[in-house]
Amino acid sequence: MKKIIYNKFDKKEITKMPQVVFPGRIITIINKEETQKAVDYLLSQDILGVDTETRPSFRKGESFMVSLLQVSTRDTCFLFRLNLTDLTPALIRLLENKAVPMIGLSWHDDLLALHKRAEFTPGNFIDLQNLVGSIGIEDLALQKLYANLFHQKISKRQRLTNWECDVLTDKQKQYAATDAWTCINLYEEICRLQDTKDYELVKVPEPITINIEQQDE
């Protein structure tokens, strides 16, 4: 039986779904010396999921540099606290690597934020937003994509928390790791559907809009 997917997913349906949580180990990197060993491990893998977090600003004119770079394998996620380590030579080596594909979503924005910390030439990054159209999906948000393809909910409750606090909470760590790890799952599933054509695309009707001025005439 073919998988049913939708060109646009109803956000109301997401609230009913079970929450997906990263099941692996999470390692937080808080000093520059630890980045070298972590990067060596990550570059020994065959695929990586990537994402960033930035401390939110609630005042006009206030902004912060990217606080966290999370990089996940299928079972391990490293959380690099950039507000403590900055972009070390090892991390730049990771970001410039062309051997291991790094899967992200809306990654152009993340790259702009990372470039404010240091100059580097982006390596083998793959943006999910550039792939989903190949199977007819029009949504570009991570939460909607995951609900559409896996019928599970990615919680966004921690997004606007302080990513520069002294110690990240367990909920923050879980949130950050889940976002990076789910990018791997989405990429592999999109590739599978591209290759097998084992899906049926349901096109959701556009909502009907009524021009009140014309109606009154």
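**Pockets and cysteines in the predicted model**

Three elements, namely β3 (48-54), α6 (142-150) and α7 (170-196), each contribute at least two residues to the lining of the largest pocket, as found in a predicted model of the protein. Among the contributors to this lining, β3 gives the most, with five residues. The lining of the largest pocket comprises 22 residues in total, and those that lie nearest the centre of the pocket are E53, K156, R159, Y175 and D179.

For the second largest pocket, a volume of about 210 Å³ was computed. The lining of this second pocket is made up of Q19, V20, V21, I154, S155, R157, Q158, K171, Q174, Y175, T178 and D179. By class, this lining divides into five polar, four nonpolar and three charged residues.

With regard to the cysteines, zero disulfides are present in the structure. C183 takes part in no disulfide, and the cysteine sulfur nearest to that of C183, which belongs to C77, lies 10 Å away, whereas a disulfide requires two cysteine sulfur atoms within 2.5 Å. C191 is likewise in no disulfide, and the nearest cysteine sulfur to that of C191 is the one of C183, at 13 Å.

Definitions and conventions:
Residues are numbered from 1 along each chain as its sequence is written. This is a predicted model: local features need pLDDT of at least 70, side-chain atom pairs count only at pLDDT 80 or more; totals for chains, interfaces and linings use all residues. Side-chain values use heavy atoms; hydrogens and water are left out. On a 1 Å grid over the protein atoms alone, a cavity is a set of points where a 1.4 Å probe fits but cannot get out, and a pocket is an open set with protein on both sides within 12 Å along at least five of seven lines; lining residues have an atom within 4 Å of a point. Helices (H or I, at least four residues) and strands (E, at least two) are DSSP runs, numbered from the N terminus. Grid points are joined across faces, edges and corners, and a volume is the space filled by probe spheres set on the points. Ala, Val, Leu, Ile, Met, Phe, Trp, Tyr, Cys and Pro count as nonpolar, Asp, Glu, Lys and Arg as charged, and the others, Gly among them, as polar.
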